[in-house]
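Notebook open, structure loaded. I want to go through the chains and how they meet, and jot things down as I look them up.

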Amino acid sequence: MKKITLLIVLITAILISCLAISVPALALDKHVFDDTGFFSAEEIDVLNRRASELYESTGSDLIIITTNNSKGFSAERFAAEYYESVRDYENMESYVAFAFCFDIGKRGAYGEASYGTAREMLAGESQDDLYNVLKPHLPGRDYYNAMLNYMDYLQKALTPKTKVEILTQYVPYIFVISAIIAAIAISIFAKDMRRMKSQSSAANYVLPGSLKLAHSNDIYLYMTETKTKIESSSKSSSGGGSSSFSSSSGRSYGGRSGSL
Amino acid sequence: MATITYKCPSCGSSLTFDGNAKEMACSSCGSQFEVESLKQAIEIEKESESFKEGTNWQAKDEGFSDEELNRTRTFNCSSCGAELITDETTVATECAFCGSPSIIPAQFTPGTRPDSVIPFKVSKDRAVELFKNYFKNKKLIPNLFKKNNQIDEIRKLYVPYWLFSCTADADITYSAKRVRSFRRGNYRITQTRHYRIRRAGTVDFKDLPVDASEKTDNKLTESLEPYNTKDALPYVPEVLSGAQASRADVAIEDSKKRADERIARSMQNELRSTVLGYESVVPISTKINVPDGTCYPALYPMWLITTKKADKTYTFAINGQTEQLTCDIPMSVPKAIGWFLGIFAGSSAIITFIMSLILQFR
């Protein structure tokens with residue numbers, strides 16, 4: 001009996017250990033935290049699968065949250081707080097949390113919090129970029145397809161660009177600089193031909209210091225002012241790049257948000 | 001009319017003026033003479049020798065039109081006695097028969113006798129060297145000039161100029177803008193302050209040269225500027241010995257137009273240089289007055305070289321004082337395009353390579 005008890009305890013201990021080890025792995029299988037029941041079960045399955053694929057290919061974990069209780073936080077702050085509450089965040093090097101907070105504003109708000117490598121790679125992306133990804137599906141509240149679009153977008157944004165892709169990005173600048181260099185060189189060669197050229201002025205024959213000003217008046221007349229709106233025409237995007245904020249744990253995040 | 005040829009008191013060969021030493025030099029025996037000493041030697045020779053003077057050869061007028069006669073002058077070479085035919089403006093030349101340098105001071109009309117002359121500092125050998133060096137490492141020179149560039153003719157010329165000196169005055173009004181841009185909330189605010197600016201003043205110009213010869217292209221003579229007038233000598237006929245020279249045949253009034261144009265542009269530049277701190281400055285009213293200052297004739301040195309290629313004559317001019325060279329050799333357009341594309345491609349490749357290295361080590 002003792003042996004059986006010992007065996008059960010041993011097996012239980014092994015199972016618990018295995019479970020403890022596999023907790024983060026199991027937890028990473030769940031990427032959708034649909035607290036409002038907005039998505040259907042099929043949609044959640046697809047989103048979970050796509051998010052897992054994203055994690056495998058980019059190394060960045062993504063969670064999608066829907067809530068009716070953002071606890072007074074902004075959408076991106078809520079996303080960060082939520083992530084830290086459901087994940088072993090201290091062992092995660094790169095992650096993104098995206099939250100639909102239906103209790104913020106009249107129609108709700110969305111927010112994105114990014115950390116680690118994901119934050120660095122999204123640093124060059126603006127609020128408008130995120131809005132443009134979601135825009136086609138926001139009016140119809142088709143957040144499922146909005147999230148599929150968003151994951152496609154993350155897939156591109158979080159995949160390190162190849163050298164060729166980066167260089168291709170700079171091709172127009174390389175061409176412009178090269179054209180300027182070539183034009184300067186040709187003008188030097190042309191000048192070296194020392195072709196006959198009329199003098200345009202008599203600068204060589206001005207007596208040094210002979211300029212005597214009899215009148216020198218600068219009169220201010222009036223001022224005109226023009227105002228140009230910086231943000232894009234969209235109402236829900238606030239324009240500009242991503243902002244940064246800290247969660248209650250003290251972690252610093254990159255954040256982007258907008259209205260639904 | 002008689003010509004003057006300066007003979008070496010030592011060997012009797014022709015003397016030429018050495019601009020560097022500012023003395024008359026004999027190319028045969030190497031002797032050098034101060035101008036004043038030479039004059040005294042000539043006077044002594046004149047007194048001691050009796051020679052027939054004033055032989056008046058009459059130019060035959062058969063076959064010459066009145067206009068040609070008006071523009072043609074005949075002289076006797078004082079060295080060999082041969083008849084020299086020149087145009088009305090030539091004041092120094094070489095005898096076509098004996099090669100002696102001849103000066104014809106009587107050709108100067110009233111008001112065209114130069115006040116000053118800048119003597120040659122560039123020798124003929126140096127001029128030839130400059131001509132030959134020109135063709136080296138020229139990227140855009142047509143292939144025609146890549147080899148066998150022979151001098152067809154080289155002439156040592158004193159070109160007549162009118163030198164204008166004056167105090168010009170100008171009164172210019174500008175419309176100017178100062179632009180300030182800043183962010184206020186979600187707006188980019190651009191404030192433009194508009195100003196009315198007035199500048200009026202005077203500038204002194206000294207010895208602005210304007211080509212006074214119909215024979216030389218203004219573009220060519222202006223390309224050789226500037227000359228340094230500090231080296232100028234008061235005119236004495238001896239300075240012209242060994243060179244060809246013409247007197248001014250462009251009226252002062254005609255040359256003044258060109259001087260006025262250049263002075264006006266300089267006045268605009270001078271006054272504009274005092275309008276600072278604005279993003280945009282546009283002149284809206286310009287009044288420039290170039291009063292009649294002083295104007296006097298001068299002779300400036302120039303080597304004129306011609307070369308022939310494919311039945312066309314190309315001209316090179318070298319400033320006889322500063323070695324500044326100019327020419328009318330055309331630029332090869334196909335070569336310019338080729339170089340542009342080559343440098344463009346090379347630069348693109350180098351920049352791309354450097355960027356790929358940076359990306360690799362980042």
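Predicted model: local features only at pLDDT ≥ 70, side-chain atom pairs only at ≥ 80, totals over all residues.

**Entry 1: chain B on its own**

I started with the secondary structure of chain B and got six helices and 16 strands. Next I checked burial: of the 362 residues in chain B, 31% are buried. Then I looked at contacts in chain B with a separation of 6 or more, and 69% of them are between residues 24 or more positions apart.

**Entry 2: a sheet in chain B**

I looked up the sheet that holds E1, E2 and E3 of chain B. The sheet is open, has three strands in the order E1-E2-E3, and pairs antiparallel. Which strands sit at the edges? They are E1 (15-18) and E3 (32-33) of chain B, each of which pairs on one side only. I then zoomed in on E2(B), residues 23-26, and found two bridges joining it to E3(B) in the antiparallel sense. For a landmark I noted Ala25(B), which stands opposite Gln32(B) of E3(B).

**Entry 3: where the chains touch**

How many residues does each chain put into the contact? I read 58 from chain B and 53 from chain A. On the chain B side, the elements that each supply at least two residues are strand E10 (187-211), helix H4 (218-223), helix H5 (252-272), strand E16 (325-327) and H6. E10(B) gives the most to that side, with 22 residues. I sorted the chain B side by class too, and it comes to 24 nonpolar, 17 polar and 17 charged residues.

Strand E5 of chain A (residues 212-229) pairs with E10(B) over 16 bridges, in the antiparallel sense. The pair I marked there is Asp218(A), whose bridge partner in E10(B) is Ile197(B).

**Entry 4: H8(A) against H6(B)**

From H8(A) they include Ile174(A), Phe175(A), Ile181(A), Ala185(A) and Phe189(A). From H6(B) they include Trp339(B), Phe340(B), Ile343(B), Phe344(B) and Ile351(B). There are serines in the list as well, among them Ser178(A) and Ser347(B). By class, the contact of H8(A) with H6(B) has 15 nonpolar residues, four polar and no charged ones.

**Entry 5: E7 of chain A**

Last stop was strand E7(A), residues 252-259. Mostly covered or mostly open? Mostly covered, since six of its eight residues are buried.

I followed its pairings to E4(A) and E6(A). E4(A), residues 109-116, is joined to E7(A) by six bridges and runs antiparallel to it. In that pairing Glu112(A) has Arg256(A) of E7(A) as its bridge partner. E6(A), residues 243-246, is joined to E7(A) by four bridges, again antiparallel. Here Ser244(A) has Gly254(A) of E7(A) as its bridge partner.

E6(A) and E7(A) form a hairpin, with five residues between the strands. I checked phi in that hairpin, and Gly250(A) takes a positive value near 95°.

Terms used:
Residues numbered from 1 in each chain as written. Chains lettered and ligands numbered in written order. Buried ≥ 20, exposed ≤ 12 C-beta atoms within 10 Å, placed from the backbone. Pairing = 2+ DSSP bridges. Contact = placed C-beta atoms within 7 Å. Nonpolar A, V, L, I, M, F, W, Y, C, P; charged D, E, K, R; others polar.
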